[in-house]
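Here are a few exercises to work through with the model open beside you. Try each task before you read its solution.

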Amino acid sequence: MSIPSIFLICAIGGYILGSIPFGLVLARMAGLGDIRKIGSGNIGATNVLRTGRKDLALLTVILDASKAGIAAFLAASFAPSADCILFGNMTQINIVAGLIAGSCGVIGHNFPIWLKFKGGKGVASTFGFILATSPQIALLDLATWLVCAFITRYSSLSAIIAAIATPFYAFFLSEPTYTIFYSAIALLVLVRHRGNIIRLIKGQESKISFKKK
């Protein structure tokens with residue numbers, strides 16, 4: 001099989017797996033109806049949490065993170081480890097295959113074909129993708145999010161800062177191929193959070209509450 005064919009299969013497979021709307025499916029299975037009709041209208045864990053079901057929200061996070069990560073893992077596992085050149089950089093086919101599948105998994109979550117391309121913001125999926133392809137960078141991202149969330153109490157701002165930091169972490173800790181793919185996904189996170197950015201600028205974004213109600 002040719003290298004372009006391998007990459008194409010990884011892209012399609014990753015996108016299809018990423019397109020599974022776990023938040024929507026879990027909410028309906030639990031008899032909570034269509035979560036797109038409540039809160040932000042998002043299919044992600046944050047909106048699932050607005051139903052009052054913390055267990056479903058947690059399961060949504062795990063599944064949303066897993067689908068892009070699994071796509072990346074499977075692609076990297078089955079693709080050959082032969083050398084190849086991508087964007088002028090020497091790398092390996094299996095590395096690129098994993099990055100393509102994982103990236104497309106995130107894209108699938110954001111723009112699922114089953115929901116007329118209206119999906120989530122991809123934070124959990126992005127983390128799962130990075131965890132599967134570069135665990136050390138994923139841990140740095142998690143630490144970045146936690147520190148920012150504790151200081152600012154803005155979940156969205158923390159996600160944005162962690163996304164922006166990811167390519168810089170990759171630049172120093174990984175080969176250039178990772179930096180390229182992580183930069184593209186970081187840009188997607190920023191685009192998907194444009195509404196949050198506007199609310200942050202206006203001072204209208206809701207904060208995380210650490211107090212028990």
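Which residues do ring pairs link into a cluster? Let us build up to the solution in steps. The model is a predicted one, where local features need pLDDT of at least 70 and side-chain atom pairs count only at pLDDT 80 or more, while totals for chains, interfaces and linings use all residues. Residues are numbered from 1 along each chain as its sequence is written, and side-chain values use heavy atoms, leaving out hydrogens and water.

**Exercise 1. Find the cluster and classify its ring pairs.**

Step 1. A pair of aromatic rings is described by the distance of the centres and the angle of the planes. Rings of Phe, Tyr and Trp (its six-membered ring) pair if their centres lie within 6.5 Å; planes under 30 degrees apart count as stacked, over 60 as edge-to-face and the rest as tilted. Searching the whole structure gives 3 aromatic pairs.

Step 2. Take F129 and Y182: their ring centres are 5.7 Å apart and the planes are at 80°, so this pair is edge-to-face. F129 lies in helix α6 (residues 123-133) and Y182 in helix α9, 53 residues apart, so the pair links distant parts of the chain. Helices here are DSSP runs (H or I, at least four residues), numbered from the N terminus.

Step 3. Now take Y178 and Y182: with centres 6.0 Å apart and planes at 65°, this pair is edge-to-face. The two tyrosines are 4 residues apart in helix α9, so about one helical turn separates them.

Step 4. Put together, the ring pairs link F129, Y178 and Y182 into a cluster.

**Exercise 2. Describe how α9 meets α10.**

Step 1. The axes, lines fitted to C-alpha atoms over the stretch in contact, of α9 (residues 176-192) and α10 (residues 194-202) come within 4 Å and cross at roughly 60°.

Step 2. Angles run from 0 to 180 degrees between N-to-C directions; under 35 degrees is roughly parallel, over 145 roughly antiparallel, 65 to 115 roughly perpendicular and the rest oblique. The two helices are therefore oblique to each other.

Step 3. L190, V191 and R192 of α9 make the contact with R194, N196 and I197 of α10.

Note on methods:
Contact = heavy atoms within 4.5 Å.
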